[in-house]
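Please keep the sequence and the structure in view while reading.

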Amino acid sequence: MQQLKMLRYQGKVTPRLLPDGYRYEFFGGTDAEIDDWVTICRHGLLSETSGRECFVSTILDYPDLVPEKDLFFVVDPDGRRVATSASVCHKSGEGYLHMVAALPDSRGKGIGHAMLSQALDMMEARGCTHAVLTTDDFRLPAIKTYLDAGFRPVIYHDPDSDMQKRWDQVIAALGYEPVAYVREV
């Protein structure tokens, strides 16, 4: 079964600030940052046994991703990296929100909303005309954040599932009124 896909056309982003004492830090290429990225991503995106090879395959080898300008962390008041996201601008003008994750004890503080605002601002500054992302059906808090930021569900062909039915179930589980779907041909 393929991941769900969402699309947002660029436009004004509602500014969302990090909680007091938190800050952004762009990737600087250190081993400690790679280790922290793996640790954060093991909480929802990677398996518990994943290691640095996942950083290579999903960040260093990802098309058009320049880690030093696209990959960032959220750092808590104690100096601990607690969340991460990548904001990729493809040569086609399409932006891609990539590898968004947070440690469990940092969730529910508005960090996801703030990171999304930051990523969309970065894409718009680089001239991206629209942004896409992929996610899983069970990531309801993340999907809620994306919907609230103007992303719309994309219906596309998935030979292993009924994409429309999956989205209908997600929207209902969130308690939202039906939303307009984007149909990809």
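## Strand β5 and its partners

Strand β4, which covers residues 81-89, pairs with β5 in the antiparallel sense, and six bridges join the two. The model discussed here is a predicted one. Within this pairing, Thr 84 stands opposite Ala 101 of β5. The two strands form a hairpin with four residues between them, and in the turn Gly 93 has a positive phi of about 95°.

With strand β6 (residues 130-135), β5 pairs in the parallel sense over three bridges, and here Glu 94 is found opposite His 130 of β6.

Strands of a sheet pair through backbone hydrogen bonds, in either the parallel or the antiparallel sense. In this model, eight strands form an open sheet with mixed pairing, and their order is β2-β3-β4-β5-β6-β1-β7-β8. Its edge strands are β2 and β8 (182-183), each of which pairs on one side only. Strand β1 (residues 4-9) runs antiparallel to β6 and is joined to it by six bridges; in this pairing, Arg 8 has Ala 131 of β6 as its bridge partner.

## Aromatic pairs and a charge over a ring

The structure holds six aromatic pairs. In one of them, the ring centres of Phe 27 and Phe 55 are 5.3 Å apart and the planes lie at 40°, so this pair is tilted. The pair links distant parts of the chain, since Phe 27 belongs to the loop between β2 (23-26) and α1 (31-41) whereas Phe 55 belongs to helix α2 (residues 52-60), 28 residues apart. Phe 27 is buried, with a relative accessible area of 5%, and Phe 55 also counts as buried, at 1% relative accessibility.

Tyr 62 and Tyr 96 form a stacked aromatic pair, with 5.7 Å from centre to centre and 15° between the planes. This pair, too, links distant parts of the chain: Tyr 62 lies in the loop between α2 and α3 (67-70), while Tyr 96 lies in strand β5, 34 residues apart. Tyr 96 is buried, with a relative accessible area of 13%. Elsewhere, ring pairs link Tyr 24, Phe 26 and Phe 72 into a cluster, and the charged end of Arg 81 sits over the ring of Phe 73, at 5.5 Å from its centre.

## The buried face of α1

Which residues of α1 are buried? They are Glu 33, Ile 34, Trp 37, Val 38, Ile 40 and Cys 41. Seen down the axis of α1, these buried residues fall within an arc of 165°, so they line one face of the helix. The elements that cover them include β2, α2, β3 (71-75), β4 and β5.

## Ser 85, a buried position in β4

Ser 85 is found in strand β4, and at 1% relative accessibility this residue counts as buried because the cut-off is under 20%. Leaving aside neighbours within four places in sequence, Ser 85 is in contact with Asp 70, Leu 71 and Phe 72, with Leu 97, His 98, Met 99 and Val 100, and with Met 115.

Methods
Residues numbered from 1 in each chain as written. Predicted model: local features only at pLDDT ≥ 70, side-chain atom pairs only at ≥ 80, totals over all residues. Heavy atoms only, no water. Pairing = 2+ DSSP bridges. Phe/Tyr/Trp six-rings, centres within 6.5 Å; stacked < 30°, edge-to-face > 60°. Buried < 20%, exposed > 50% of the residue type's maximum accessible area, 1.4 Å probe, protein only. Lys NZ or Arg CZ within 6 Å of the ring centre and 35° of its normal. Arc of directions from axis to C-beta. Contact = heavy atoms within 4.5 Å.
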